[in-house]
Structures are given as structure tokens and as C-alpha cells.
Amino acid sequence: MSALDWLNSEAFTAFDQHILWSDMAGNLLGLGALALGWRRSLLTWPVQLLSGLVLVAAYASAHLSGGIGKQLVVITVAVWGWAQWRRGGADRGRLAIRFATWTERAWLVAGTAAGTVALALLFTAYPKLSWDPWPDAYIFVGTLTAMVAQARGWVEFWFAWLAVDVVGVPLAFNNGLAFSGLVYVIYFVLVLLGLRAWWLQTRTDRAPSGTVPDGATA
């Protein structure tokens with residue numbers, strides 16, 4: 001049995017749902033990355049990258065091209081985000097976080113809307129690419145939006161993840177990725193907690209933009 005076959009084999013069954021190793025392992029890594037992001041640890045990015053690599057196998061087994069694309073975006077942005085958080089040296093040892101400006105928010109919303117429509121139309125034109133074109137496209141683009149906002153240190157990245165979760169939970173359950181659906185529910189709770197923590201931190205965080213987060217190492 002190849003490593004890919006093993007990843008996409010059944011780990012266990014719960015409530016008549018077949019849990020795949022790739023679905024479970026990738027999402028547990030994703031939860032770890034989210035918790036590290038909450039603490040503004042540089043380790044959030046390599047863990048996120050590993051999560052993306054494992055989940056590519058899970059989404060491939062469910063024939064969700066948007067999900068595969070989403071994880072490829074996660075991998076790419078994880079590398080970029082790691083570089084963004086390291087840039088500027090260790091002047092005060094923390095990543096500066098803030099709310100985005102209204103102009104930046106407008107670009108995020110407009111980019112998410114335009115990207116979702118464009119990708120959904122592509123999936124619709126080529127049905128083999130995705131079984132659920134519109135939600136699949138929305139999750140793909142929404143994930144990109146969230147990670148870009150996270151790399152910039154914007155509090156809005158938590159709102160973007162909330163918006164992705166609202167669609168991600170039913171989509172995962174409907175396509176046989178039960179563990180993904182369960183993890184999306186857990187994500188929702190963690191995102192609310194992380195949003196509160198970052199929101200409160202904006203009142204006291206005065207570190208220069210681009211400094212290294214807590215726990216960062218070379």
C-alpha cells in the first residue's frame with residue numbers, strides 16, 4: 001500500500017461516518033496551526049503548510065477540486081506568511097496586529113467576491129472539477145482571503161475564517177468528510193476566542209509593523 005493509499009484509507013467509523021486518516025490528521029494539524037496563530041507564534045506557518053499537504057489527499061479522495069486548490073493556496077501562503085512575520089528583525093519580539101483600514105477591507109471583500117464568481121464559473125463550465133461549484137469556490141477564495149489578512153496581521157482574518165466555516169461545515173459533511181465537518185465546528189469556537197484575543201490586543205499592542213511574533217525562532 002502506498003503512502004497516499006494509506007492516507008485515504010479509513011481510520012475508524014463514528015455515527016455511520018467513515019473517517020479517513022488524511023481527513024483526521026490534516027485537520028488536527030490545522031487546529032494546531034490556528035492555535036499557534038492565536039498566540040502569534042511563527043510556528044503557525046510550517047504547521048499550516050504540513051496540514052495543507054496532508055489535506056490535499058483528503059480532498060482528492062472526495063473529488064473536491066476547490067478543496068485541493070484551497071490547500072495548495074494554504075501551502076503557498078504559509079511560505080509567504082512565514083516570510084512576512086519574520087521580516088524586519090526582532091525589534092520587540094511581537095507581531096504588530098491591527099484592524100484593516102476601510103480601503104483594505106473593501107479590497108478584501110471585492111477580491112473575495114470577484115474570485116468566488118470567477119472560480120465558480122470555471123467549476124460550472126467544467127463539472128468534473130467540482131461537485132459543488134459555488135460553495136467549493138467560496139471556500140477556496142475565502143481561505144486565501146483569511147490567510148492574506150493573517151499574514152498582514154489584520155484582525156479581520158478571524159472574521160474571514162468565520163465566513164468560511166459557515167459554508168465549510170455543511171459542505172464537508174455532504175461530501176463524506178465527516179472529520180472535516182467536525183473540525184470546522186471546533187474551528188468556529190477557536191476563531192471566536194482568537195478574534196476576542198486579537199481584538200483586545202489591538203488596544204495595547206504598539207509594536208512596529210513587521211516584527212517577529214512571540215515564540216519565533218530562526
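Q: How do the residues of the lining of the largest cavity divide into nonpolar, polar and charged?
A: The lining comprises ten nonpolar, nine polar and two charged residues. Here Ala, Val, Leu, Ile, Met, Phe, Trp, Tyr, Cys and Pro count as nonpolar, Asp, Glu, Lys and Arg as charged, and the others, Gly among them, as polar. The model is predicted, so local features need pLDDT of at least 70 and side-chain atom pairs count only at pLDDT 80 or more, while totals for chains, interfaces and linings use all residues. Residues are numbered from 1 along each chain as its sequence is written, and side-chain values use heavy atoms, with hydrogens and water left out.

Q: What makes a residue part of the lining of a cavity, and which residues lie nearest the centre of the largest cavity?
A: A cavity is a set of points, on a 1 Å grid over the protein atoms alone, where a 1.4 Å probe fits but cannot get out, and a lining residue has an atom within 4 Å of a point. The largest cavity has 21 such residues, with Gly30, Gln48, Lys70, Trp161 and Tyr187 nearest its centre.

Q: Why is the link between Arg98 and Glu104 called a salt bridge?
A: The term requires a side-chain nitrogen of Lys or Arg within 4 Å of a carboxyl oxygen of Asp or Glu. The closest N and O atoms of Arg98 and Glu104 are 3.0 Å apart, and the pair therefore qualifies.

Q: What makes Glu156 and Arg105 a salt bridge, and where do the two residues lie?
A: Their N to O distance is 2.8 Å, and their side chains meet in a salt bridge. This pair links distant parts of the chain, with Glu156 in helix H7 (residues 156–174) and Arg105 in helix H5 (residues 102–125), 51 residues apart. Helices are DSSP runs of H or I with at least four residues, numbered from the N terminus.

Q: Why is Glu156 called buried, and why is Arg105 called partly exposed?
A: Buried means under 20% relative accessible area, exposed over 50%, and partly exposed in between (1.4 Å probe, protein chains only). Glu156 has 11% and is therefore buried, whereas Arg105 has 22% and therefore counts as partly exposed.

Terms used. 1 Å grid on protein atoms, 1.4 Å probe; cavity = no way out; pocket = protein on both sides within 12 Å on 5 of 7 lines; lining within 4 Å.
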